[in-house]
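Take a look at the chain below.

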Amino acid sequence: MRQIIFFIKSSLEEISPWNNIKTLHTNIRGDILSGITVAIIALPLALAFGEISQLGPVAGIWGAIVGGVVGGLFGGCMVGVSGPTAPKAAQIAAFMGAFVIGTMNEPDLVAAFSIIFLSGLILVIISILKISRFIHYIPYPVISGFMCGIGAIVVLTQINAFLGLEAEKNIHEVFKNFMHTIQNINKEALYVAIPSLLILFLWTPLEKRIEFLKNIPSPLVALITGTGIAYFMNLDIPYIGDKMNSTEENKIFSFYLPNLARLSEFIGPALALAGLAVLDSLLSCKVADNMTGIRHSSDRETFGQGMANMAAGLFGGVTTATATMRTVANIKFGGKTPLASIVHGLTLLAILLGLGFLVEAIPTACLAAILFKVGIDILDYRILPVLKKLPITDLLVFIIVLFVTVYEDLMIAVLVGVVFAFFR
């Protein structure tokens with residue numbers, strides 16, 4: 001009995017937000033400046049991940065808002081910044097194919113946000129049971145194959161948007177309708193997509209020559225350039241405003257109660273989403289640990305993601321995880337406490353409330369270009385130089401995980417990879 005009481009007490013102490021609250025005053029200026037800067041970087045990514053999830057751009061921003069505020073308050077990585085990520089957005093998009101309303105093929109939003117809420121509840125249970133740290137035992141070929149598969153999914157699913165066409169529902173439709181896509185390119189979309197993509201690829205070489213460009217996020221430059229081209233040329237292409245109307249209050253503020261009557265339908269996807277959240281978040285935290293020399297708390301980070309995903313499910317946000325790109329940017333810009341993550345979330349809320357009309361004017365082709373670059377950056381280049389040196393069993397695990405990730409399911413890929421790796 002004493003052991004049970006001690007276990008419960010230690011678990012509650014570990015996940016208490018007081019660990020974070022007591023640090024908020026220690027780096028106020030640096031955290032505020034970093035939080036605002038990271039929010040500017042996060043805006044185009046949040047919009048893009050909302051689009052790829054099939055829940056809409058506003059859902060992407062809400063995911064970043066609750067991820068920043070709730071994830072920052074309860075998380076276990078002092079410099080971590082949470083929000084929608086490419087793997088989690090891609091996974092939600094995969095689930096959405098199974099949850100549609102009627103013959104119009106409209107997404108069942110109640111189902112989506114119920115799954116997100118339940119995944120958060122599962123994460124809270126995982127954190128209390130103190131099992132999230134076991135994620136570090138997943139073999140490297142599995143992780144590498146998974147990341148390369150995610151990168152491929154992100155790129156492939158954005159082909160249609162890049163070419164000015166309606167996005168396909170899943171990866172199978174992309175391959176099935178590829179010839180139709182090529183034959184029906186909206187050439188006007190390329191006036192936006194190609195310059196945006198060139199900016200993203202050329203920005204790093206330009207930073208090396210022009211020092212002050214390091215302080216300007218390339219996705220923001222691409223977003224402004226692409227939107228400006230579309231506006232001044234009056235291009236007849238798809239815009240974010242075609243799928244949202246941020247001037248209507250009910251579009252910005254929506255509240256979704258989880259439908260527990262359909263628990264048997266939702267529990268499987270929710271478990272998969274929770275598993276990916278642990279994988280995605282803790283790998284990002286490991287990157288932060290290497291950069292700061294400060295060890296994160298895996299169980300508290302899992303709890304923070306659980307609370308953030310429950311909030312995302314209630315407020316209509318895309319599922320969240322600790323985002324590597326935003327976390328690294330936060331560290332580089334001087335963020336040291338969870339205040340930076342909270343400021344990042346509040347800044348995005350202010351943008352959503354005050355500048356929604358600007359968000360509507362962004363072409364989807366511009367977001368597709370940003371996601372192209374994100375997908376390419378996700379690819380695990382570290383494995384390329386050692387592919388020839390890998391044992392045949394490790395190479396087989398990598399290939400299996402890569403193809404199962406792309407063609408079937410993200411979490412099934414990881415599970416299959418771990419099983420193969422175990423018996424190698």
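S119 touches A270, L273, A274 and N309, leaving aside residues up to four places away in sequence. A contact here means heavy atoms within 4.5 Å. This is a predicted model, where local features need pLDDT of at least 70, side-chain atom pairs count only at pLDDT 80 or more, and totals for chains, interfaces and linings use all residues. Residues are numbered from 1 along each chain as its sequence is written, and side-chain values use heavy atoms, with hydrogens and water left out.

S119 belongs to helix 6. Helices (H or I, at least four residues) and strands (E, at least two) are DSSP runs, numbered from the N terminus. S119 is buried, at 0% relative accessible area. Buried means under 20% relative accessible area, exposed means over 50%, and partly exposed lies in between, with a 1.4 Å probe and protein chains only. S119 and G306 are 187 residues apart in sequence, yet their C-alpha atoms are 7.2 Å apart in space.

Now the whole chain. It has 21 helices and four strands. Of its 424 residues, 55% are buried. Take the contacts between residues at least 6 apart in sequence: 83% of them join residues at least 24 apart. The accessible surface comes to about 19400 Å², and 68% of that belongs to carbon and sulfur atoms. Such areas come from the Shrake-Rupley method with a 1.4 Å probe; for residues, only the protein chains shown count as cover.

Next, the aromatic rings. Rings of Phe, Tyr and Trp (its six-membered ring) pair if their centres lie within 6.5 Å; planes under 30 degrees apart count as stacked, over 60 as edge-to-face and the rest as tilted. By this rule there are six aromatic pairs. One of them joins F113 and Y256: it is tilted, with 4.5 Å between centres and 45 degrees between planes. F113 sits in helix 6 (residues 109-129), while Y256 is in the loop between helix 13 (249-252) and helix 14 (263-292), 143 residues apart. F113 is buried at 3% relative accessibility. Y256 is buried too, at 19%.

F255 and F315 make an edge-to-face pair, 5.7 Å centre to centre and 85 degrees between the planes. F255 lies in the loop between helix 13 and helix 14, and F315 in helix 15 (residues 298-315), so this pair ties together parts 60 residues apart in sequence. F255 is exposed at 53% relative accessibility. F315 is partly exposed at 37%.

What about charges? The structure holds two salt bridges. A salt bridge is a side-chain nitrogen of Lys or Arg within 4 Å of a carboxyl oxygen of Asp or Glu. R262 bridges to D108, with the closest N and O atoms 3.0 Å apart. R262 lies in the loop between helix 13 and helix 14, and D108 in the loop between strand 3 (106-107) and helix 6, so the pair ties together parts 154 residues apart in sequence. D108 is buried at 9% relative accessibility. E265 also bridges to R262, at 3.1 Å between the closest N and O atoms. E265 is partly exposed, at 39% relative accessible area.

Last, K373. Its charged end sits over the ring of F201, 5.6 Å from the ring centre. That term requires NZ of Lys or CZ of Arg within 6 Å of the ring centre and within 35 degrees of the ring normal.
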